[in-house]
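Student: I have a protein model open and I'd like to learn how to read it. Can we go through some features together?

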Amino acid sequence: MMGFIVNPVSGNGKGKKVWELLEPTLRGQGARFLMRQTSRQGEAQKLAIELIQKEGVKKLIAVGGDGTVHEVINGIQQSGQTCVFGHVAAGSGNDYARGHGVPFDPLEALEGILSDQDERLIDLLHINGRVAVNSIGTGLDALVAKKTNEARYKGWLNRYRLGRVAYIISVIRVLCSYCPCHVTLTVDNQKYSIPNAWLIALANIPNYGGGMLICPDAAPDDGEMKICVIHSLSRLQFLLAFPKIFRGTHVSHSGVLFYSGRQVQIQAEKSLFVHADGELVGKTPVNIELLAARQAICDATDPIQSGQKKRVPV
């Protein structure tokens, strides 16, 4: 039995339209499924737990954006049971879909899910009793996430499939007044003193903020998180360097540092917002732990390389 959790307002109504495309296809193929529709933020997590524990669902598909993915994954994690996850992208940023090669065509994504094309285990990032599947960020980045989620222009731009532009507008807005600060970063018990830190991003996939390649080498199943730190830049330098992130060419910039590890602590001289997959989860200081391959993820369309053995849920 499959369960679909649909966020009808994701992508400014795209979630509803995508489900209207998926449902007749599922019924036409005689698929056994249950569907639950969210009506408010945070509900997808509760619905995921309900479908797993009460309905015995063994595969859950999130139809929505990265916020819906985040909630459903947390529901699976908190259910205490094994459940395969699938995704049909219907949001504005769709970083999970980009990072895992899930097609943006809904029927193509569904085809992969129904065919059980590939199942593998991926890492998760644990913070404040929750998990992130894509990324965690603090500093300017978390404040940008907050402003973007609150902005009226996000919905307007989503209508024209310009969700990425909403993030860029928020970066410019926040950059005008944001003041970087000193941060102490501890990675696997090694301390680093970071002067004038603008942001710290911890990534499980390369994609970030609607397609930026914040950590180009990040992989969801390599047993470590990649960490990008941007520091010691003037506002103008930051603004000029910012476009490089979309191509991943910021990696050679003098104001950018990279680390990798499994245990991270972040302390700052002032309280900084922290986001997980674009959703605010608290403020610094924080501890982040990598949960290595603890969650079964069905990447509906990741190609299986020749000779590659399927990794199934445990």
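This is a predicted model: local features need pLDDT of at least 70, side-chain atom pairs count only at pLDDT 80 or more; totals for chains, interfaces and linings use all residues.

Student: How do I describe two packed helices?

Tutor: You give the angle between their axes and the distance between the axes. Axes are lines fitted to C-alpha atoms, for helices over the stretch in contact, and angles run from 0 to 180 degrees between N-to-C directions. Helices (H or I, at least four residues) and strands (E, at least two) are DSSP runs, numbered from the N terminus.

Student: At what angle do α2 and α3 pack?

Tutor: Helix α2 (residues 43-53) packs on helix α3 (residues 66-79) at about 40°, and their axes are 7 Å apart. So α2 and α3 are oblique to each other; angles under 35 degrees count as roughly parallel, over 145 as roughly antiparallel, 65 to 115 as roughly perpendicular and the rest as oblique.

Student: What kinds of residues make the contact of α2 with α3?

Tutor: Contact means heavy atoms within 4.5 Å. Among the α2 residues that meet α3 are Ala 48, Ile 49 and Ile 52, and the α3 side includes Val 72, Gly 75 and Ile 76. By class, this contact of α2 with α3 has six nonpolar, seven polar and two charged residues. Here Ala, Val, Leu, Ile, Met, Phe, Trp, Tyr, Cys and Pro count as nonpolar, Asp, Glu, Lys and Arg as charged, and the others, Gly among them, as polar.

Student: And how do α1 and α5 cross?

Tutor: The axes of α1 (residues 10-28) and α5 (residues 106-114) come within 10 Å and cross at roughly 45°. That makes α1 oblique to α5. In α1, Val 18, Leu 21, Leu 22, Thr 25 and Leu 26 meet Pro 106, Leu 107, Leu 110 and Leu 114 of α5. This contact of α1 with α5 has eight nonpolar, one polar and no charged residues.

Student: How many cavities are there of 30 Å³ or more?

Tutor: A cavity is, on a 1 Å grid over the protein atoms alone, a set of points where a 1.4 Å probe fits but cannot get out; lining residues have an atom within 4 Å of a point. A volume is the space filled by probe spheres set on the points, and grid points are joined across faces, edges and corners. The count is two cavities of 30 Å³ or more. The largest has a volume of about 70 Å³, and its lining includes Asp 141, Tyr 167 and Met 212. The second largest cavity has about 60 Å³, with His 250 and His 253 among its lining residues.

Student: Where is the cis peptide bond?

Tutor: It joins Thr 284 and Pro 285, with omega about 5°. Pro 285 sits in the loop between β16 (279-283) and β17 (286-297).

Student: What is phi of Asn 189?

Tutor: Phi of Asn 189 is near 70°, a positive value in a residue other than glycine. You'll find Asn 189 in the loop between β8 (181-187) and β9 (190-203).

How values were computed:
Residues are numbered from 1 along each chain as its sequence is written. Side-chain values use heavy atoms; hydrogens and water are left out. On a 1 Å grid over the protein atoms alone, a cavity is a set of points where a 1.4 Å probe fits but cannot get out, and a pocket is an open set with protein on both sides within 12 Å along at least five of seven lines; lining residues have an atom within 4 Å of a point.
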